[in-house]
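Work through the exercises below with the structure open beside you. Try each task before reading its solution.

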Amino acid sequence: MILGRLLFLLYINVLPQGLNFSHHRMYADDTNITYADKDLNEIDDYLNKDLQSVNTWLSAYKLTLNLNKTEFLIITSRQMRVYLSANPSLTISNFLIEQVSSTKSLGVSIDENFSWNTHIETVCKKISSALGLIKRIRDFVPFYILLNIFNGLVKPQFDYCSLVWDCCSLSLAEKLQKLQNRAARILLSAPYDSTDLFRGLHWKNLRNQRLFEIRVSKTLGEFKTKLSNLSFE
């Protein structure tokens, strides 16, 4: 099973060699290509050329593209969007690719304005559902089990790719913070007006947690850079 996945990755590893204009990002069988320009005609032309190259490569290597899961997204600011006179018409194998206003990449929802609204709303729904479950069972199980359930179902939702969407608006960040506050009250069976609950749980608030992770990530990046520059003779 593991060998099969490795062989598949080796098999498709040469796919990007046919891309002359766009940048590629690949993870397992999920491939994204991106191209940035102010000229929509150029975007249309260059992406269609690269898509034709992808289609040729797939045919040569006896692979099939899932056209129903193929889509494209134009990312720009709201101010610039009003100047768009038309959208690119992207095709592959004579199939017209659907334009979407948001898409998912490795579990992160990306919208056409990079506002993170769609992603945060999705995360909030998942967290609210899990907290409802914890609240219903908290009178029947020990605290440590509740904490394990929280760490398994809720905390990953707060943390997953948070370094990517940390630039979200204050209003979106506040929605998530309110859910963390609610989680603390549920776990500790505390009233709404309780304060300083995080101290008892040894938690940081979400903003401080993300800042901590950013510092750790930056430190690790600097360490790897220094390590790669060392010469061993």
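**Exercise 1. Two hairpins**

Task: Find the turn residue with a positive phi in the hairpin of strand 1 and strand 2.

Solution. 
- Step 1. Strand 1 and strand 2 make a hairpin, and 2 residues separate them. In that turn, Ala 28 has a positive phi of about 55°.
- Step 2. Some ground rules before going on: this is a predicted model, where local features need pLDDT of at least 70, side-chain atom pairs count only at pLDDT 80 or more, and totals for chains, interfaces and linings use all residues. Residues are numbered from 1 along each chain as its sequence is written, and side-chain values use heavy atoms, with hydrogens and water left out.
- Step 3. Strands (E, at least two residues) and helices (H or I, at least four) are DSSP runs, numbered from the N terminus. Two strands pair if DSSP finds at least two bridges between them.
- Step 4. Strand 1 covers residues 23-27 and strand 2 covers residues 30-34; they pair in the antiparallel sense over 5 bridges. His 24 faces Ile 33 of strand 2 across the pairing.
- Step 5. Strand 7 (residues 102-105) and strand 8 (residues 108-111) are also antiparallel, with 4 bridges. Ser 102 stands opposite Asp 111 in strand 8.

**Exercise 2. Salt bridges**

Task: Which side chain meets Lys 175 in a salt bridge? Which residues does the network around Asp 166 join?

Solution. 
- Step 1. Apply the rule: a side-chain nitrogen of Lys or Arg lies within 4 Å of a carboxyl oxygen of Asp or Glu. The count comes to 6 salt bridges.
- Step 2. One of them joins Lys 175 to Glu 121, at 2.4 Å from N to O. This pair links distant parts of the chain: Lys 175 sits in helix 7 (residues 170-188), Glu 121 in helix 4 (residues 117-137), and they are 54 residues apart.
- Step 3. Check accessibility. Buried means under 20% relative accessible area, exposed over 50%, and partly exposed in between (1.4 Å probe, protein chains only). Lys 175 is partly exposed at 38%, and Glu 121 is partly exposed at 31%.
- Step 4. Move to Asp 166. Arg 207 forms a salt bridge with Asp 166, with the closest N and O atoms 2.6 Å apart. Arg 207 is in helix 9 (residues 206-229), while Asp 166 is in the loop between helix 6 (162-165) and helix 7, 41 residues apart.
- Step 5. Arg 210 also bridges to Asp 166, again with closest N and O atoms 2.6 Å apart. Arg 210 lies in helix 9 and Asp 166 in the loop between helix 6 and helix 7, so this pair ties together parts 44 residues apart in sequence.
- Step 6. Both Arg 210 and Asp 166 are buried. Shared partners join Asp 166, Arg 207 and Arg 210 into one network of salt bridges.

**Exercise 3. The surroundings of Gln 180**

Task: Is Gln 180 buried or exposed? Which residues does Gln 180 touch?

Solution. 
- Step 1. Gln 180 lies in helix 7. Its relative accessible area is 5%, so Gln 180 is buried.
- Step 2. Look for polar contacts (N or O atoms within 3.5 Å; within protein, one must be able to donate a hydrogen and the other to accept it, and residues adjacent in sequence count only if both atoms are side-chain atoms). The side chain of Gln 180 makes one with the side chain of Gln 177, at 2.8 Å. The Gln 180 side chain also reaches the backbone nitrogen of Leu 206, at 3.3 Å.
- Step 3. List the contacts (heavy atoms within 4.5 Å). Leaving out residues up to four places away in sequence, Gln 180 touches Phe 158, Phe 198, Trp 203, Lys 204, Asn 205 and Leu 206.

**Exercise 4. Aromatic rings**

Task: How many aromatic pairs are there?

Solution. 
- Step 1. Rings of Phe, Tyr and Trp (its six-membered ring) pair if their centres lie within 6.5 Å; planes under 30 degrees apart count as stacked, over 60 as edge-to-face and the rest as tilted. The count is 6 aromatic pairs.
- Step 2. Phe 21 and Tyr 46 are stacked, at 4.2 Å centre to centre and 0° between the planes.
- Step 3. Ring pairs link Phe 21, Tyr 35 and Tyr 46 into a cluster.
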